[in-house]
Amino acid sequence: MCATCGCGDPAGVRVLNVGETAGHRHDPDHPHDHAHPHDHPHDHAHPRAAQRDETSAESSRTIAIEQAVLAKNDELANRNRAWLANQRITSVNLMSSPGSGKTTLLERTIGDLSGRREVSVIEGDQETTLDADRIRATGCPVVQINTGSGCHLDADMLARGLHQLAPGPGSLLFIENVGNLVCPALFDLGEGARVVVISVTEGDDKPLKYPHMFAAADVVVVNKTDLLDYVEFDVDRCAANARLVNPRLRVFPVSATKGDGLDRWYEWLTNAPSSSSGVGGSS
Ligand SMILES: Nc1nc2c(ncn2[C@@H]2O[C@H](COP(=O)(O)OP(=O)(O)O)[C@@H](O)[C@H]2O)c(=O)[nH]1
Ligand SMILES: [Mg+2]
C-alpha cells in the first residue's frame, strides 16, 4: 500500500477553487467540519524508513500503521458517504494510469449531458490546475486538489473538496483521481461508484497486473478505441481479464474523442447508485 511507496505529505495538499463557478456556501452538516489537518491519515507514515529497517518488529509496526491509516480513512469516507447520500448526490470516482483519457471523457460527458443534469467535478493531480482549467472551460463547477507528493486522493481531501465545491442536491459529481493504477484503489472516498479508465495503448493484460484496482471497481471504460487499428489490444480479452478479477464488472469500450460507445456510459450514469457500502479492499 501507500505506506511503502513513499507518498503522502499532508502538509503539501492544496485545495483550489478554480474560477467563479464553484460554490462557496458553508454547510454546517458538511463532512469537512469533522476533518482537519492533524487528523490526516498519513500523519504517521514514514514509508522509506520502514522499508530500510527489515527487523520483524519494524515490519509489524508498519502493518499496524497501515491498518490505522486505512481505518482512519474509512471513518472519514463513511462520513462523506452519509453526506452524499443525504444530498442524493451521485458520485463517481474515476481512476486510471496518467493519460488514459479521464479528463477527455469528462469534457465530453459534461458537454453531452449539458442541460440534462447538474454536474460538478473534483480534480486530483499532484501539481497544477491544468485539468481543472479544462473542466472550467466547459462551464462546469470544479475544484482542483493538488496532492504534492501524494499519489492518490483520500477521504479527507474529498471532504475538503466538497466543502469548496458545494455540489447541489441530486446532482452528479465526478472525482478524477490522481493518475495511478495502484494506490487510489486502497482509499475509499465514500463515493457511490468507482470507474477504471484503461486505454487501448496500455495493453489488455493490465487487469491481471493491477488486480486491486479492477477488484474495487464497478465499471471499466476501455478508451481510445479509435486507435485499435494501430495497437495490439483485444477488447474482449481485456474484458475477460477484468472479469477474472471481478466478475460483476461492466465494461464499456469507448472513444472519448470520437464519441463511439458513449451511449452505454451515459445510460449507466443515469442509473448509477448515489451511495455504496464502501470498498472491500480497504478494510
Ligand atoms: N485517440 C484518442 N486520444 C484520446 C482519447 N481520449 C483521450 N485522448 C488523448 O489522450 C491524452 C491524455 O488524455 P487526458 O484526458 O488528459 O488523460 P488523463 O490523464 O487520464 O486525464 C490526450 O492527448 C488526449 O487527447 C481517445 O478516445 N482517443
Ligand atoms: Mg486528467
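Strand β6 (residues 193-199) is mostly covered, six of its seven residues being buried. This description, like those that follow, refers to a predicted model. On one hand, β6 pairs with strand β2 (residues 90-95) in the parallel sense, over four bridges; within this pairing, Val92 has Ala193 of β6 as its bridge partner. On the other hand, β6 is joined to strand β7 (residues 219-223) by five bridges, and these two strands likewise run parallel. In general, the strands of a sheet pair through backbone hydrogen bonds, in either a parallel or an antiparallel arrangement.

These strands belong to an open sheet of eight strands, arranged in the order β1-β4-β3-β5-β2-β6-β7-β8, with mixed pairing.

Helix α5 lies across β1, β3 (119-125), β4 (142-146) and β5 (172-176), and runs at about 150 degrees to β4.

Helix α5 (residues 155-165) also packs with helix α2 (residues 56-86), at an angle of about 30 degrees and with the axes 8 Å apart. The two helices are therefore roughly parallel to each other, since angles under 35 degrees are classed in this way. On the α2 side, the contact is made by Asn73, Leu76, Ala77 and Asn80, and on the α5 side by Ala155, Asp156, Leu158 and Ala159. By class, the residues of this contact comprise five nonpolar, two polar and one charged.

Arg88, found in the loop between α2 and β2, has a positive phi near 55 degrees. Arg88 is classed as exposed because 12 other C-beta atoms lie within 10 Å, and the exposed class covers residues with 12 or fewer. Ala166 is placed in the loop between α5 and β5 and has a positive phi of about 50 degrees, although it is not a glycine. Because Ala166 has 18 C-beta neighbours inside 10 Å, it counts as partly exposed.

The shell around ligand 1 contains 16 residues, of which Gly101, Lys102, Thr103, Thr104 and Lys224 come nearest. Among the elements of the fold, helix α3 (residues 102-113) gives the most to this shell, with three residues. The shell divides by class into three nonpolar, ten polar and three charged residues.

Terms used: Residues numbered from 1 in each chain as written. Chains lettered and ligands numbered in written order. Predicted model: local features only at pLDDT ≥ 70, side-chain atom pairs only at ≥ 80, totals over all residues. Near = placed C-beta within 6 Å. Nonpolar A, V, L, I, M, F, W, Y, C, P; charged D, E, K, R; others polar. Axes fitted to C-alpha atoms, helices over the stretch in contact; angles between N-to-C directions. Parallel < 35°, antiparallel > 145°, perpendicular 65-115°, else oblique. Contact = placed C-beta atoms within 7 Å. Buried ≥ 20, exposed ≤ 12 C-beta atoms within 10 Å, placed from the backbone. Pairing = 2+ DSSP bridges.
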